[in-house]
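Have the viewer open as you read.

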Amino acid sequence: MAEILDPENILLITDSYKVSHHKQYPPGTSILFSYFESRGGKFPEVCFFGLQYLIKRWLVGQVVTAEKIRQAKDFYQLHFGYNLFNEEGWLHILEKHGGKLPLRIRAVPEGSVVPVKNVLFTVQNTDPDCPWLTNWVETLLVQCWYPMTVATNSRAQKKIIAEFLSETADNLNGLPFKLHDFGFRGSTSVEAASLGGAAHLVNFLGSDTVAGMILARNYYGCEIAGFSIPAAEHSTITTWGRHGESKAFRNMLEQFPSGLVACVSDSYNIWEACEKYWGEQLKELVVNRGKDNNGVLVIRPDSGDPAEVVVKVLEILRGKFGSEKNSKGFYMLPPYLRIIQGDGISYETLTEILESMKRHKWSADNIAFGSGGLCHLIRI
């Protein structure tokens with residue numbers, strides 16, 4: 001039976017070809033200085049985030065031991081078929097530095113917005129006998145592209161929402177909660193959810209990705225980085241049966257009598273749900289919950305073309321609950337009633353939805369968005 005290898009062995013967390021690189025540098029090489037940049041892409045600037053996690057998670061403290069060296073030597077012997085492993089170099093790090101990596105990493109502050117084609121962080125060996133170590137950790141450190149991409153994309157969507165709020169709302173007070181992270185289920189792993197979820201929280205305060213908040217707490221010292229509210233999913237509504245949907249809705253209002261509560265309303269017929277159930281059968285309960293307990297019902301339509309569905313839902317709700325115009329002449333639902341669109345949300349579709357609302361004289365302050373539940377479009 002094969003030996004179980006340590007999955008956190010930094011000697012194994014690299015690309016195979018780097019195992020031979022210590023033999024490839026010019027004789028006498030003592031210092032290697034490398035840098036990381038965004039070469040360009042969808043946006044002209046990037047929001048830098050994620051390096052601190054990678055450093056703290058993998059590189060801090062004694063990360064080299066005799067056992068890890070032995071495991072790596074044996075593994076690479078099997079992998080290559082002969083001995084390429086730099087055992088002498090790793091033993092030097094263990095004996096001279098107590099297993100701590102002689103590296104200096106410099107970076108721009110996390111959360112910084114930097115134009116593309118600029119240095120974001122640099123890596124340099126501090127022991128002249130270990131120049132090969134600088135690029136050994138490249139494989140690991142360039143993984144910050146993922147949280148950086150999420151933070152950049154999230155910020156770009158925040159700019160879109162801010163633009164429409166500026167045009168159609170009285171203020172931008174609600175902006176930090178306008179894009180909610182539903183991306184845990186769309187991630188490739190728990191670690192990816194952690195990194196992507198934390199990166200989103202650079203820009204917004206709303207999240208259902210618990211893993212991201214845990215990472216923010218453990219590696220960035222933030223006691224709580226994101227917030228959420230009680231919310232229904234389709235299973236908690238459909239288990240009541242089609243003819244029990246109104247009872248399921250009533251249960252949501254009664255189980256959570258104050259504050260915000262979100263209820264998915266397209267399990268069978270979103271138009272019937274808004275007009276007949278919310279707008280007639282449960283109207284008094286919705287209104288009184290808002291008056292008595294500062295309650296806010298957030299209706300979630302999740303089917304069809306979002307740009308069309310959102311406006312139609314708003315129009316139905318206005319017909320049942322009324323509306324007022326804000327200082328900029330755009331319609332606002334009563335303060336106890338809002339909607340959230342959680343299907344098909346991306347950088348491209350946000351503009352379509354908000355432009356459709358604006359065209360029909362609806363303020364962007366009536367809506368929040370959830371991203372990641374369908375195909376994780378927030379994490380491109």
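What percentage of the 380 residues in the chain is buried? Buried residues make up 51% of them, where buried means under 20% relative accessible area with a 1.4 Å probe, protein chains only.

Keep in mind that this is a predicted model, in which local features need pLDDT of at least 70, side-chain atom pairs count only at pLDDT 80 or more, and totals for chains, interfaces and linings use all residues. Residues are numbered from 1 along each chain as its sequence is written, and side-chain values use heavy atoms, leaving out hydrogens and water.

Here are the charges:

| Side chains in the chain | Number |
|---|---|
| Positive (Lys and Arg) | 38 side chains |
| Negative (Asp and Glu) | 41 side chains |

The centres of the two sets lie 4 Å apart, with each charge placed at NZ of Lys, CZ of Arg, CG of Asp or CD of Glu. The C-alpha trace spans about 80 × 50 × 35 Å along its principal axes. Of the contacts (heavy atoms within 4.5 Å) between residues at least 6 apart in sequence, 77% join residues at least 24 apart.

The chain has 14 helices and twelve strands, taken as DSSP runs (H or I, at least four residues, for helices; E, at least two, for strands) and numbered from the N terminus. Three strands form an open, antiparallel sheet in the order β1-β5-β3; strands pair if DSSP finds at least two bridges between them. At the edges sit β1 (33-37) and β3 (103-107), each pairing on one side only. β1 and β5 (residues 119-125) pair over five antiparallel bridges, and F33 stands opposite Q124 in β5.

Definitions and conventions
Buried < 20%, exposed > 50% of the residue type's maximum accessible area, 1.4 Å probe, protein only.
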